[in-house]
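Please keep the sequence and the model open beside the text while going through the numbered points.

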Amino acid sequence: MPVHNLGYRGWDEQRVPKWLRPWILARAGISLVWQRKLMRFLLMFAWLPIIFPAFFIFAFEFSINDPESLVGLLASPPISQPELAMEVVNDPEAARHQVWSLMILTFFRYPQAIAMVMLVGLIAPMMISYDLRSKAYLMYFSRPLTPSEYLLGKSAVVWFYLAMISTIPAMVVYLMGVLLSPELSVLAQTWDIPLRILAASAVLLLPTTAVALCYSSMSSESRYTTFSWFATWIMGIVAYRILTWTTFEPPRGSMRDVRPEPPMPGEFEAEFEEAFMEGDFGPPPEQPPWPEFDLDAYRGLSPYDTLGKVQAWVFDLDTTPASVTPFLTLLVVVTVICLWWTRRRIVKRLSV
């Protein structure tokens, strides 16, 4: 009788249900990531920006009888919504839903977008590449686990941490706005905002996780996949802004092209004194209208701006004239292709 039996042995214990197998894999990945002190610090830091949208919603609710005090905040960057500022002055009750949605969208677009890129860049590149380098995938697939379940479990790790810095803080901001409002009647006007938060979170989670895992499956060296992840975002933003600005040209005869001749000595003073005495300065010279930037022409090159377009549509705050359908289709196509490619790489490695 051998002392060490290395052959196959039967499993007498109860097996985990098939639909829970990805969760077992995800739970192990979540616990491993949580052990890193840098990740805990980043999660704590990512929660700090909820102070600003929560404070603005609080200020809006308690200044609803004197909305003029909020006009400057709404009209100045990063919000830059002068039309909404005028609507708040005219009818603050009707503008409540739009103001709350705008604050939560701003939270999604600015601080959480940066935290998302950093967080996924630290987590996702090692999800599959480390298994390929250490051959840990042989241990995973020695159990009754399919490639799709493996991919779902790895994706759930990224989804969990992205929800921790985007979905849950946004829900907390909404809940704080409801609790700090003078009346609970705001629920009747803002009941759909939590649903929009979930939809905007899905727009953020699904494509970003699919792309990050696709990069992770392409190489066993995580440094290459990390570089590819950050390069995708940085180069996309730079290319989009360069192409948008370089295609803009002012119209002929605009202020940039007008070069008036210098007046004769004393001529300007005499005309000004005569107009001042008569009280008629006359209308200012008309200038040709400046064309607006076509912000959607090259938006598909930038993942950040594509996500912003779709998320603004989810919150019903999209102000650009182009339809959201091409950009939503682009996100769906990228997600499907990346998931298919990642699964193909896993199956190919198992068939060797």
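Is Arg 223 buried or exposed, judged by its relative accessibility? Arg 223 has a relative accessibility of 53%, so it counts as exposed, the cut-off for that class being over 50%.

1. Please bear in mind throughout that this is a predicted model. The chain contains 17 helices and zero strands, and of its 352 residues, 41% count as buried. Among the contacts between residues at least 6 apart in sequence, 77% join residues that are at least 24 apart.

2. The exposed Arg 223 has a charged partner, since its side chain meets that of Glu 221 in a salt bridge with an N to O distance of 2.9 Å. Glu 221, at 26% relative accessibility, counts as partly exposed. This pair belongs to a count of seven salt bridges.

3. The closest N and O atoms of Asp 305 and Arg 241 are 2.8 Å apart. Asp 305 counts as buried at 5% relative accessibility, whereas Arg 241 counts as partly exposed at 34%.

4. Asp 296 and Arg 299 also meet through their side chains in a salt bridge, with 2.6 Å from N to O. Both ends are hidden from the surface by the rule used here, because residues under 20% count as buried, and Asp 296 has a relative accessibility of 10% while Arg 299 has 8%. These two residues are part of a network of salt bridges that also links Lys 309 and Asp 318.

5. The contact is made by Thr 106, Phe 107, Phe 108 and Arg 109 on the α6 side, and by Pro 111, Gln 112 and Ala 113 on the α7 side. Sorted by class, the residues of this contact are four nonpolar, two polar and one charged.

6. Helix α7 also packs with helix α8 (residues 125-134), at an angle of about 10 degrees and with the axes 5 Å apart, which makes α7 roughly parallel to α8. Here Val 120, Gly 121, Leu 122 and Ile 123 of α7 meet Pro 125, Met 126 and Met 127 of α8. The contact of α7 with α8 has six nonpolar residues, one polar residue and no charged ones.

7. Which residues touch the most other members of the largest nonpolar core? In this core of 75 residues, they are Ile 104, Met 116, Leu 119, Ile 123 and Trp 229. Helix α13 (residues 193-218) supplies the largest share of the core, namely 12 residues.

Definitions and conventions:
Residues are numbered from 1 along each chain as its sequence is written. This is a predicted model: local features need pLDDT of at least 70, side-chain atom pairs count only at pLDDT 80 or more; totals for chains, interfaces and linings use all residues. Side-chain values use heavy atoms; hydrogens and water are left out. A salt bridge is a side-chain nitrogen of Lys or Arg within 4 Å of a carboxyl oxygen of Asp or Glu. Buried means under 20% relative accessible area, exposed over 50%, partly exposed in between (1.4 Å probe, protein chains only). Contact means heavy atoms within 4.5 Å. Helices (H or I, at least four residues) and strands (E, at least two) are DSSP runs, numbered from the N terminus. Ala, Val, Leu, Ile, Met, Phe, Trp, Tyr, Cys and Pro count as nonpolar, Asp, Glu, Lys and Arg as charged, and the others, Gly among them, as polar. A nonpolar core is a set of buried Ala, Val, Leu, Ile, Met, Phe, Trp, Tyr and Cys residues joined through side-chain atoms within 4.5 Å. Axes are lines fitted to C-alpha atoms, for helices over the stretch in contact, and angles run from 0 to 180 degrees between N-to-C directions. Angles under 35 degrees count as roughly parallel, over 145 as roughly antiparallel, 65 to 115 as roughly perpendicular and the rest as oblique.
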